[in-house]
Amino acid sequence: MPTGERPLPALDDPVTRPFWEACRRRELTLQRCRGCDRLRFYPAPLCPHCHKGEADWARLSGRGSLASFVIVHPPVLPAFAACVPFAVALVELEEDARIRLLGNLLDCEPREIAIGLRVQVSLQEVGDVTLPQWRPLR
Ligand SMILES: [Zn+2]
């Protein structure tokens, strides 16, 4: 990765590719295990709960609540220098609060940020990847 280039997820992994393809279609999806019916994150070839391999991709609401956050200040990697300060959210999904996704928290004043804040996914194109990020649910 050249200095100054934003690090992005690899799109060539067959296990995670359906997740990124769904993001590109503006859908947030996760694997749902056919063995135990639990959602699975991160995408994996086997269920961490029942160890079965079969899974379907379930479309989610894209809603959740803020479990934790951090406000990022300098120093940062050169690729993020123009973005600071920014908020990174750890979001508990509405469908299963045990599953938490990370992403930037957009369009939110620092004084609005609080644990439990209801958020909605916002799928943002960054280079060749569409990243799940978050906005307050209004
Ligand atoms: Zn399972």
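Strand β1 (residues 29-33) runs antiparallel to β3, and 5 bridges join the two. One of the pairs links glutamine 31 to tryptophan 57, its bridge partner in β3. The model described here is predicted.

β1 and β3 belong to an open sheet of 3 strands, ordered β2-β1-β3, with antiparallel pairing. β2 (39-40) and β3 (55-59) each have a single partner strand and stand at the edges, so one side of each has no neighbour in the sheet. As background, strands of a sheet pair through backbone hydrogen bonds, in either a parallel or an antiparallel way.

At the level of the whole chain, the protein is divided into domain 1 (12-59) and domain 2 (61-138). Their C-alpha centres are 21 Å apart. Where the domains touch, 7 residues of domain 1 are in contact with 10 residues of domain 2. On the domain 1 side, helix α1 (residues 17-24) gives the most, with 3 residues. That side is made up of 5 nonpolar and 2 charged residues, with no polar ones.

In soluble globular proteins, nonpolar side chains tend to be buried together. Here the largest nonpolar core has 12 residues, among them Leu28, Leu30, Leu60, Leu66, Val91, Leu93, Leu101 and Trp134. At least two core residues come from each of β5 (86-93), β6 (100-105) and β7 (118-126). β5 gives the most, with 3 residues. Leucine 93, a member of this core, is in contact with Leu60, Gly64, Ile99 and Leu101, leaving aside its neighbours within four places in sequence.

Note on methods. Residues are numbered from 1 along each chain as its sequence is written. This is a predicted model: local features need pLDDT of at least 70, side-chain atom pairs count only at pLDDT 80 or more; totals for chains, interfaces and linings use all residues. A nonpolar core is a set of buried Ala, Val, Leu, Ile, Met, Phe, Trp, Tyr and Cys residues joined through C-beta atoms within 7 Å. A residue is buried if 20 or more other C-beta atoms lie within 10 Å of its own, exposed if 12 or fewer, and partly exposed in between; C-beta atoms are placed from the backbone. Helices (H or I, at least four residues) and strands (E, at least two) are DSSP runs, numbered from the N terminus. Two residues are in contact if their C-beta atoms, placed from the backbone, lie within 7 Å. Two strands pair if DSSP finds at least two bridges between them. Domain bounds come from an automatic or database domain assignment. Ala, Val, Leu, Ile, Met, Phe, Trp, Tyr, Cys and Pro count as nonpolar, Asp, Glu, Lys and Arg as charged, and the others, Gly among them, as polar.
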